[in-house]
Amino acid sequence: MILYGRDMSPFARRVAIWCALQDRTIERRQIQVAGPEWEEVKAVNPLGRVPALVLDDGEVLVETWAITDYLEETAPEDRRLIPATGAARRSMLQDIAYATSTGEKIVALVYDKVRRPVEFHYPAWIERLEGQIVAGLRAMEGRVPIEGWMSGTDAPGGGDIATVVSADMARLVFPGIDAGPLPHLDRLIADAQAIPCFAQTRPKM
């Protein structure tokens with residue numbers, strides 16, 4: 001399988017970690033959608049978005065939720081990262097939802113504050129995005145246990161992956177955004193960094 005998307009994309013990084021924790025072999029194409037390689041991305045996903053996962057038979061999957069749904073469906077039961085049913089499944093899907101929403105606002109702020117020329121900045125919109133990121137970080141902080149993984153098992157699950165990646169991205173790209181003390185998130189990120197696939201995919205700033 002071939003995964004398109006750099007580790008700077010919290011969504012491509014999420015898929016890369018998901019594959020690693022399921023012991024899947026993938027080829028990485030860490031190309032930059034904002035640069036000249038955009039045409040290469042559009043050849044795989046006409047919308048020019050990442051992540052995109054090309055399966056071994058040539059089928060292309062786009063959007064993180066669809067890709068991880070496929071990975072869950074095709075993984076051996078002992079390698080699945082989301083509970084199959086019940087309250088545990090709903091809770092983890094909500095963990096992923098909060099992390100996804102926060103990640104989307106981080107990416108939006110990158111485009112509005114970093115990519116857009118200064119003379120075209122819209123301060124009120126930037127302030128709104130920053131407020132949503134702060135709210136997202138605080139919501140994720142409230143969902144992380146004092147110790148252990150969010151999955152409730154002895155290994156990270158899908159909620160842990162999504163939460164660590166989004167919170168880590170906020171810290172790396174926008175260290176000036178102050179959401180107050182986030183000790184549970186800090187602990188979770190540190191624990192995740194002890195696992196090679198988290199550490200190896202952490203963007204270099």
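**Strands, helices and a salt bridge**

Visitor: In which sense do β3 and β4 pair?

Guide: The model is predicted, with local features needing pLDDT of at least 70, side-chain atom pairs counting only at pLDDT 80 or more, and totals for chains, interfaces and linings using all residues. Residues are numbered from 1 along each chain as its sequence is written, and side-chain values use heavy atoms, leaving out hydrogens and water. Strands (E, at least two residues) and helices (H or I, at least four) are DSSP runs numbered from the N terminus, and two strands pair if DSSP finds at least two bridges between them. Three bridges join β3 (residues 52-54) to β4, and the sense is antiparallel.

Visitor: How are α4 and α5 oriented, roughly parallel or roughly antiparallel?

Guide: The axes, lines fitted to C-alpha atoms over the stretch in contact (heavy atoms within 4.5 Å), come within 9 Å for α4 (residues 86-115) and α5 (residues 123-143) and cross at roughly 155°. Angles run from 0 to 180 degrees between N-to-C directions; under 35 degrees counts as roughly parallel, over 145 as roughly antiparallel, 65 to 115 as roughly perpendicular and the rest as oblique. Therefore α4 is, relative to α5, roughly antiparallel.

Visitor: How is α6 oriented relative to α7?

Guide: The axes of α6 (residues 158-173) and α7 (residues 183-193) come within 10 Å, crossing at roughly 105°. That angle makes the orientation of α6 to α7 roughly perpendicular.

Visitor: Which residues of α7 meet α6?

Guide: On the α6 side, the contact involves D160, T163, V164, A167, D168 and R171. Their counterparts in α7 are L185, D186, L188, I189, A192 and Q193.

Visitor: How many residues apart in sequence are the parts tied together by R79 and D23?

Guide: R79 and D23 form a salt bridge (a side-chain nitrogen of Lys or Arg within 4 Å of a carboxyl oxygen of Asp or Glu), with the closest N and O atoms 2.7 Å apart. Because R79 lies in the loop between α3 and α4 and D23 in the loop between α1 (10-21) and β2, the parts tied together are separated in sequence by 56 residues.
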